[in-house]
Amino acid sequence: TDIGSQKDRVVTEEEWLQKWEMGNIGFHKEQGHPLLRKYLDVLLNGRSGLRIFFPLCGKAVEMKWLADMGHSVVGVEVSEQALKEFFAEQSLPYCEEPVPEISGAKKLQSTSGNISLYCCSIYDLSSSIVGKFDGVWDRGALVAVNPCDRQRYASLMITLMEKNSSYLLVTVSYDPNKHKGPPFYVPESEIKSLFG
Ligand code: SAH
């Protein structure tokens, strides 16, 4: 498939922040994503008390859902507004602290301690800061990453995964010549070459 029309497209962090300010967040799903429900067993694989990562988390309601099941959730998001809306809408008290390793970054953590959301770019994270994860819910994340950054994103995600971790990835299938994205079209062949 010809993805030429999307490969040079860039959405800046500033543009993402503006989308949040304008309430232009059609990607947000109030009711949670049906595919997480459907494939939850694949993600958990019989395990309990997992550390689950939400890259480019927005205010995904599934973070509360998994935390309520006893897992520990870590997210990363450039928009502080998104993270504050998450805690407010889920009625969760939280506290804020700086992240010493990343200048300008903040960590917003639920008072109960099981949801930690980093307000910074995902590219600022490393396993020495956030540790490694048993599971990843990647919805609106790889497909939101600028096409030129996909390799860097996938390489980073691989370094954040424990040996037996599971990774649920949601992509969208459409003709990339008809929509400029995001979400971007990521062909199956590219997913294979990115993640092996
Ligand atoms: N996964 C969420 C949000 C998807 S939209 C959901 O399912 O609802 C993509 C999100 O990524 C936006 O909220 C945007 O602000 C955030 N984002 C974009 N670039 C980012 C980056 N480099 N690091 C962290 N967050 C980023």
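**Note on the predicted model**

1. A patch of negative charge sits on the surface, formed by E13, E14, E15, E21 and D124. Patch members have over 30% relative accessible area and no salt bridge, with like charges joined within 9 Å. A salt bridge is a side-chain nitrogen of Lys or Arg within 4 Å of a carboxyl oxygen of Asp or Glu. E15 lies in helix α1, residues 13–22. E15 is partly exposed, at 33% relative accessible area (buried is under 20%, exposed over 50%, partly exposed in between; 1.4 Å probe, protein chains only).

2. This is a predicted model: local features need pLDDT of at least 70, side-chain atom pairs count only at pLDDT 80 or more, and totals for chains, interfaces and linings use all residues. Residues are numbered from 1 along each chain as its sequence is written, and side-chain values use heavy atoms, without hydrogens and water.

3. The protein has seven helices and seven strands (DSSP runs: H or I of at least four residues, E of at least two). Their order along the sequence is α-α-β-α-β-α-β-β-β-α-β-α-β-α. Buried residues make up 46% of the 196 residues.

4. Two cis peptide bonds deserve a look. One joins G181 and P182, with omega about 0°. The other runs from P182 to P183, with omega near 0°. P182 lies in the loop between β7 (161–170) and α7 (188–195); P183 lies in the loop between β7 and α7.

5. Check the positive phi values too. N45, not a glycine, has phi of about 50°. N45 is in the loop between α2 (34–44) and β1 (51–54), and is exposed at 56% relative accessibility. L56 has phi near 45°. L56 lies in the loop between β1 and α3 (62–68) and is partly exposed at 26%.

Methods
Patches are made of residues with over 30% relative accessible area and no salt bridge: like charges are joined within 9 Å, nonpolar side chains (Val, Leu, Ile, Met, Phe, Trp, Tyr) within 5 Å. Accessible areas come from the Shrake-Rupley method with a 1.4 Å probe; for residues, only the protein chains shown count as cover. Lys and Arg count as positive and Asp and Glu as negative; His and the chain ends are not counted. The place of a charge is taken as NZ of Lys, CZ of Arg, CG of Asp or CD of Glu.
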